[in-house]
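Reader: I have the sequence and the structure open side by side. Could you walk me through what is worth looking at?

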Amino acid sequence: MRPRRVRWSRLRAREPSERAVVVPLQVTTGMPTFSKHEPIATETGRSPDYGRASADWTCPAGYVVEQCEPQLASCLSSTGSCNAEGYRLTAEATADGRGCAFRCTGPSSTIWGDHGCAYTAAMVCWLGCR
């Protein structure tokens with residue numbers, strides 16, 4: 001038996017067929033950052049309510065926290081520091097990363113001097129698709 005001859009015109013590549021494909025697309029728009037600044041303070045006294053110097057903030061929907069920071073902090077310690085003589089000022093991102101928790105604690109006394117703390121709480125959030 002002899003092999004058959006094949007013409008090259010029959011071996012020409014086929015054109016790909018066209019198909020419609022649905023591609024899911026999610027678009028997030030908005031300002032790239034969101035920031036919030038607010039002064040927070042206890043009253044000044046021998047036993048101030050340090051709960052008044054606490055704040056829990058949440059970023060808007062679609063944003064994640066980038067920075068939590070106390071600014072312009074001032075406490076009634078002898079040096080004015082909020083991390084000395086029993087004062088403690090903290091600013092931390094929440095466990096889910098969607099907000100900030102600000103806390104100020106300090107001494108209380110029924111006899112000696114005045115106590116208290118004041119600061120500006122600052123939170124910066126980034127658009128979640130960054």
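Author: Happy to, and please keep in mind that this is a predicted model. Let's begin with a charged pair: Arg52 forms a salt bridge with Glu43. The closest N and O atoms of Arg52 and Glu43 are 3.2 Å apart.

Reader: Is Glu43 in that pair buried, partly exposed or exposed?

Author: The relative accessible area of Glu43 is 28%. Buried would need a value under 20% and exposed one over 50%. Because 28% falls in between, Glu43 is partly exposed.

Reader: How many salt bridges does the model have by this rule?

Author: Side chains of opposite charge can pair when their charged atoms come close. Besides Arg52 with Glu43, the side chains of Asp56 and Arg103 meet in a salt bridge, at 2.9 Å from N to O. The count comes to 2.

Reader: How many residues apart in sequence are the parts that Asp56 and Arg103 tie together?

Author: Asp56 lies in strand S2, whereas Arg103 lies in strand S5. Their pair therefore ties together parts of the chain that are separated in sequence by 47 residues.

Reader: Which of these two side chains counts as exposed, Asp56 or Arg103?

Author: Arg103 has a relative accessible area of 31%, so it is partly exposed. Asp56 has a relative accessibility of 54%, and the cut-off for exposed is over 50%. The exposed one is therefore Asp56.

Reader: In what order do the strands of the open sheet run?

Author: S2 and S5 run antiparallel and are joined by 4 bridges; Thr58, for instance, has Gly99 in S5 as its bridge partner. S2 and strand S4 (88–93) are the edge strands, each pairing on one side only. The twist averages 10° from one strand to the next. The 3 strands of this antiparallel sheet follow the order S2-S5-S4.

Reader: With which residues is Thr90 in contact, leaving aside its neighbours within four places in sequence?

Author: Thr90 is found in strand S4. Its relative accessible area is 16%, so it is buried. Apart from those sequence neighbours, the contacts of Thr90 are Ala101, Phe102 and Arg103.

Reader: Where is Thr42 found, and is it buried or exposed?

Author: Thr42 is found in the loop between strand S1 (33–41) and S2. Leaving aside neighbours within four places in sequence, Thr42 is in contact with Pro48, Asp49, Tyr50, Ala53, Gly116 and Cys117. At 10% relative accessibility, under the 20% cut-off, Thr42 counts as buried.

Reader: How far apart in space are Cys75 and Thr42, C-alpha to C-alpha?

Author: Cys75 lies in strand S3 and counts as buried at 3% relative accessibility. Beyond its neighbours within four places in sequence, Cys75 has contacts that include Cys82, Tyr87, Cys104, Gly116 and Cys117. Gly116 and Cys117 are also among the contacts of Thr42. Cys75 and Thr42 are 33 residues apart in sequence, and their C-alpha separation in space is 9.7 Å.

Technical notes
Residues are numbered from 1 along each chain as its sequence is written. This is a predicted model: local features need pLDDT of at least 70, side-chain atom pairs count only at pLDDT 80 or more; totals for chains, interfaces and linings use all residues. Side-chain values use heavy atoms; hydrogens and water are left out. A salt bridge is a side-chain nitrogen of Lys or Arg within 4 Å of a carboxyl oxygen of Asp or Glu. Buried means under 20% relative accessible area, exposed over 50%, partly exposed in between (1.4 Å probe, protein chains only). Helices (H or I, at least four residues) and strands (E, at least two) are DSSP runs, numbered from the N terminus. Contact means heavy atoms within 4.5 Å. Two strands pair if DSSP finds at least two bridges between them. Axes are lines fitted to C-alpha atoms, for helices over the stretch in contact, and angles run from 0 to 180 degrees between N-to-C directions.
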